[in-house]
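Good morning, colleagues. I shall speak briefly about salt bridges, helix packing and a few local features of the model shown here.

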Amino acid sequence: MGDSTLRIQDNRTGQSYNVPIENGTIRAMDLRQIKTGPEDFGLMTYDPAFTNTSSCRSSITFIDGDRGILRYRGYPIEVLAEKCTFLEVAYLLLFGELPTEPELKNWIGDITHHTMLHESSKKLMDGFHHDAHPMGMLVSSIAALSTIYPESRHIEDPANRLLQIKRLIAKVPSIAAFAYRHSLGFPYVYPDNELNYAENFMNMLWRMMEPKYVANPALARALDILFILHADHEQNCSANTMRSVGSSHADPYLTTAAACSALAGPLHGGANEEVLRMLDEIGSKDNVPAYIKKVKDGHGKLMGFGHRIYKNYDPRAKIIKWTAERVFEVTGRNRKLDIALELERIALEDEYFVKRKLYPNVDFYSGIIYQAMGFKPAIFTVLFAIPRTAGWLAQWQEMLTDPEQKIARPRQVWTGHEVREFVPMEKRVPVAAATK
Ligand SMILES: CC(C)(COP(=O)(O)OP(=O)(O)OC[C@H]1O[C@@H](n2cnc3c(N)ncnc32)[C@H](O)[C@@H]1OP(=O)(O)O)[C@@H](O)C(=O)NCCC(=O)NCCS
């Protein structure tokens, strides 16, 4: 094997260059020296949608999409889902190590201490339209925390950052639950400090007249596992948004609201809501082959299938399938599971899906469990945002403390006009005609 460099021959000039290879990458800036002459800006890479560009060094989440591997800080997701609570995993993501017993106790105490919302958050939420989508309410209410905690703008201060991180992890479930209650027209339920993270969230969602809400332990544990599975996922669309917006040094509430907006799209966190719509549209197992044919003919996508990184079974989908069985022991079987299993069976044997390496992703089964637990589809993406807040904040911290990072600012390939002669009003043609 030769040295770790890439030899580039520029056939325009006949010159060659040696560019160092480090961690399987070359630095895009090393290409800038490749010029046709002194006036030339230098070579750039063109990578729409960042399909082959590393934008950072990271030691938080590792994915091997071909082998179906997901690890947080080196620990396999399967082990964490089996042995940890979500708050333990959030600690791991943020601080790099699993907490000791006293560290975990303090961490849980701190998060529990910050779950209350300022009354002005409540008033803000009261103002939303009765049928507002919970994601819109969540994004706006997280952004509004920036006005309640203006000191959060001092992102250079590690202690200040940590305080906002605790507030966000603690308050996002409260905002999420308030958004849900608002959409049902029910009064808000305040947090109960005697309950754990998942139980307290369930309490804020579903407590009615009873003096104390007691969650079914199997369902609370299932929700906690789902939180673990969704806590981080490397440089996806919303994590990239978190890093990009955070790189301008906006405060963590505005930055998290931006990441949350990215999550809302149906190609990202909004997919599980779409999966349920799709299963409703299919209606029964018998209609599955016709639906698959429709997708193959180019009419829509099989929601919950395919992934930019996983070209194998999403390891989270496997754990969710297992968790679904535990949930159905309590709630009874969701008949949509039968349609989903049939879809998966047929798709995994079909050449179209096999050739494109399209496997079920995390969203394929999560919606079915959420529905069995009593969640309405409109809140599914909110359920994704709660744990992902921990991942976003870990990515944000890592970005801010990385000396190589600065404000994110991609380049473009210019495809517009060269400089043009100004056109006076009387000579202009309507845009529609001009583009014909
Ligand atoms: C996740 C997703 C956005 C990844 O997209 P991507 O990496 O850009 O992949 P592409 O869109 O380039 O897909 C490659 C090929 O597979 C097809 N494909 C991808 N996902 C598909 C799906 N869910 N159903 C049917 N065909 C799909 C594309 O049409 C394309 O086919 P072509 O090569 O004939 O043009 C995409 O798979 C998708 O939209 N899935 C459904 C939404 C979803 O479940 N999102 C949650 C992600 S966790």
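This is a predicted model: local features need pLDDT of at least 70, side-chain atom pairs count only at pLDDT 80 or more; totals for chains, interfaces and linings use all residues.

Arg345 and Glu342 form a salt bridge, with 3.1 Å between the closest N and O atoms; a salt bridge here is a side-chain nitrogen of Lys or Arg within 4 Å of a carboxyl oxygen of Asp or Glu. The two residues are three apart in helix α14, so about one helical turn separates them. Helices, incidentally, are DSSP runs of H or I with at least four residues, strands are runs of E with at least two, and both are numbered from the N terminus. Glu342 is buried at 16% relative accessible area, whereas Arg345, at 43%, is partly exposed. Buried means under 20%, exposed over 50%, and partly exposed in between, with a 1.4 Å probe and protein chains only.

Residues are numbered from 1 along each chain as its sequence is written, and side-chain values use heavy atoms, without hydrogens and water.

How many salt bridges does the rule give? The count comes to 24. One of them joins Asp192 to Lys212, with the closest N and O atoms 2.7 Å apart. Asp192 lies in the loop between α6 (158-184) and α7, and Lys212 in the loop between α7 and α8, so this pair ties together parts 20 residues apart in sequence. Asp192 is buried at 16%; Lys212 is partly exposed at 35%.

Lys296 and Asp350 also meet in a salt bridge, at 2.9 Å from N to O. Since Lys296 belongs to helix α12 (residues 288-296) and Asp350 to the loop between α14 (336-349) and α15 (351-355), the pair ties together parts 54 residues apart in sequence.

I turn to helix packing. The axes of α16 (residues 362-373) and α17 (residues 380-400) come within 10 Å and cross at roughly 105 degrees. The two helices are therefore roughly perpendicular, a term covering angles of 65 to 115 degrees.

Finally, two backbone features. Arg73, in the loop between β4 (69-72) and β5 (75-76), has a positive phi near 50 degrees. His249, in the loop between α9 (237-246) and α10 (252-263), has a positive phi of about 70 degrees, although it is not a glycine.

Conventions. Axes are lines fitted to C-alpha atoms, for helices over the stretch in contact, and angles run from 0 to 180 degrees between N-to-C directions. Angles under 35 degrees count as roughly parallel, over 145 as roughly antiparallel, 65 to 115 as roughly perpendicular and the rest as oblique.
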